[in-house]
Amino acid sequence: MVGMTKKKTLFWLCIFLLPNLLGFLIFIGAPILASLVISFTNWDLVSSLQFTGIDNYIRLVQDPEFWRAFRNTFLFIFGYLPLVMIFGLAAALLLNKPMKLRAFFRATYFLPVITSWVAVSLVWKWLYNPNYGLINYLLSLIGITGPQWLNDPSTAMIGIILASAWKDTGFVMVLFLGGLQTISPSYYEAASIDGASKLRQLLSITIPLLAPTTFFVTIISLINSFQVFDQVMIMTEGGPGGSTTVMVQNIYNYAFRYFEMGYAAAMSWALFIVIFIFTYIQMKFQDKGAV
Amino acid sequence: MLKKVAVFIVFSLLAMVSLVGCSTEGSTEGSEDGQTEITYFSFSATPDYEEELNQIIEAFEEENPDITVNSELAAYDDYFTKLQTQIAGDNAPDVFELNYENFVQYASKGTLADLSSFIDEDDSFNPDQLNEEAFKAYQYDGKQYGMVESFSNVLTFYNKDLFDEAGVDYPTSDWTWEDERAAAEKLTDQGNNVWGTYAPVTMNEFYKVAAQNGGQVFDDEGNPTINTPENLEALQYMVENVTEYGVSPSPSDMSGQASEDLFKNGQLAILHTGIWMFGQFEDVPFEWDVEVEAGNTQKAHHFFANGLAVSADSEKQEAAYKFAAFMSASDQAAETRVEASWELPAITNDDILSPYLEQTPPENRQAVFEALDSLVLPPVVENWSRISDVTNQEFEKALNGDQTPEEVLNTLESEYENIMNQ
């Protein structure tokens, strides 16, 4: 704004930001601060607040249930992240080529992304049904006795991972499609003239030049997958035998089933710190990669 | 830079102040023209008895024209989360339903209003009108913090058609675990997905089955006594019905279906469930009846009570108490309940109760009262929901065959100690 002093600009900036800022402060900022305070208390929602210092954090470190949830979350991420990246990239590469019905296929892949997790989870629950489910029926056609899927502690997490990767593939695909648009066709032309194979082009041009997108997708997916909850809640409720209890599920149980708000808040902050550390490490890597 | 921060803070403070201002303006007390409006929060009325609750409220409002009752309903699974959040937000309903297990926790935290003085002043209510045991269940520290409205228990429901087809004699009141298992073996037809008997392998079922064998999960002082030979035998009985004998559907056989639906489908010959299912089973296309539960060394039956409590923070406690007393002891409420088989009113007036016995199905409604002779109250301990979650998790391992019942009880013994020492 020409002719305005800096101060005035700032004033108008704040006015225009106000609606957004208000929402953020009231519904995000204040609760975040409150949760930090609550994490140093033993509040049960009903009794008055009692400060207990860092007791909750000490208990956390010693709590096998917390570490099991921690482990389960990492298990989920190790399965989910590579799958969704590979599927997403593959779908993007396929649908980046001019072909018939391209828009239709893109929309189809994206459809699960905009479907609610509740509906998706319920459908997958039926697909996984060991006796009447479609998956085990198809397996039985080729003579394989399907696993118990969500009823068996050793396969339940695999079930959650597959369903999650299926749902989010479209999201990752769209991001990669965007990334592919930014790569100039002249690279490929040059490579073809030099006689580089398609595979060579993929490895030496596409993947390196997609790095910024890959980085963004990794961070977003990682942060999301640390917070995995909906599908677990509906498909297994953390079972069987606690084999799919992830961190957010654990927080939910302590907050809204056992009403130990203080301990649940401490766990949320532990989760925040973990996510923060991972994001920070990735940022560092990215800085180096970009130079 | 510093200036920017300062402006930012000023704006955020301004924003907060304006919002707080709004919210105080909005909450005016709703007592215009002498009308008192109270909120009642219930879980037992939904999903099957909303109509009946409205009838009772209408009758109450007719008798008390100066009081209006707004009812809020939530399914049992979500009810306590909502209630607790409302209490935390200083927005508690004036009067709300509490089951016996949760009553003690709420009373001990000072969230409930003492009703003793209201009861003393009330000419229309006399504790004699209510079943003494049930009335006293809502006392804490010698004070009356709630009004019992109804009780219910769990019985052996059986599908007569399946018994007839298999040529098995109907259950009797002398049945033992062995009789039930023997019958269930004959009734099970796995090829057609029909199972002999079903009871959930969970903490809520276990404390009763343990009692049928003379066991206890907690002793009278509230100390855990989970790892005893009696309890082990009880758990083995429950688990082996699934794993060894195959007379009960396994979690993967059930795969998410409710046992009540399996019973309605004619896939369960015997189902252990509560008398609150009478209404839902009314229209099933087969004959069914109920009997008291089989025991091992002794009989034992669940006993669940629901009552109404008044919020300690409510400014309309008197009106709220009036409604609680009406739900609890009035003839109108009791009659409506009896007619709809909405649990059993806790009243002593036999004239009102007798129609309950005459209704069918089931023929053998007398069993509901016979079961009261051997009732076992739900354990009342702090951290109950955590303890039952952990227990159910470990039981799942036994059902999956990952651990033996012995191992499960050993684990639970140390888990309980951990939880209770926190």
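**Salt bridges and their surroundings**

A: B:E394 has a relative accessible area of 4% and therefore counts as buried, the cut-off being under 20%. The model is a predicted one. The partner of B:E394 in a salt bridge is B:K397, with 3.2 Å between the closest N and O atoms. Both residues belong to helix α17 of chain B, where they stand 3 residues apart, about one turn of the helix. Over all chains, the search of the whole structure finds 9 salt bridges.

A second pair brings in another chain. B:R386 forms a salt bridge with A:E260, and their closest N and O atoms are 3.5 Å apart. This pair joins two chains, because B:R386 lies in helix α17 (residues 384-399) of chain B while A:E260 lies in the loop between α12 and α13 (261-290) of chain A. Both B:R386 and A:E260 are buried. The pair is also part of a network of salt bridges that links A:R59, A:E260 and B:R386.

Within chain B, B:R337 and B:E149 meet through their side chains in a salt bridge, at 2.5 Å from N to O. Distant parts of the chain are linked here: B:R337 is in helix α14 (residues 331-340) and B:E149 in strand β6 (residues 147-152) of chain B, 188 residues apart. B:R337 counts as buried because its relative accessible area is 1%. B:E149, at 0% relative accessibility, is likewise buried.

Between chain A and chain B the count is 3 salt bridges. One pair that bridges these chains is A:D44 with B:K109, whose closest N and O atoms are 3.2 Å apart. On the side of chain A that touches chain B, the elements giving two or more residues are α1 (6-38), α3 (64-96) and α12 (247-257). Helix α1(A) provides the largest share of that side, 10 residues. By residue class, that side of chain A comprises 21 nonpolar, 9 polar and 6 charged residues.

In terms of contact, 36 residues of chain A meet 32 residues of chain B. Together the two chains bury about 3,000 Å², of which 62% is on carbon and sulfur atoms. Of the area that chain A buries against chain B, A:V46, A:Y132 and A:Y258 supply 17%, more than any other three residues.

The domain assignment divides chain B into domain 1 (37-152 + 304-363) and domain 2 (153-302 + 376-421). Taken over C-alpha atoms, the centres of these two domains are 29 Å apart. The two domains of chain B bury about 1,600 Å² between them, with 67% of it on carbon and sulfur atoms. The count of salt bridges between them is 0, and 2 residue pairs are in polar contact across their interface. On the side of domain 1 that touches domain 2, α4 (100-108) and β6 of chain B are the elements that give two or more residues. Helix α4(B) gives the most to that side, with 4 residues.

How values were computed: Residues numbered from 1 in each chain as written. Chains lettered and ligands numbered in written order. Predicted model: local features only at pLDDT ≥ 70, side-chain atom pairs only at ≥ 80, totals over all residues. Heavy atoms only, no water. Contact = heavy atoms within 4.5 Å. Buried area = accessible area lost by both parts, 1.4 Å probe. Salt bridge = Lys/Arg side-chain N within 4 Å of Asp/Glu carboxyl O. Nonpolar A, V, L, I, M, F, W, Y, C, P; charged D, E, K, R; others polar. Buried < 20%, exposed > 50% of the residue type's maximum accessible area, 1.4 Å probe, protein only. Domains from an automatic or database assignment. Polar contact = N/O pair within 3.5 Å; in protein donor to acceptor, adjacent residues only side chain to side chain.
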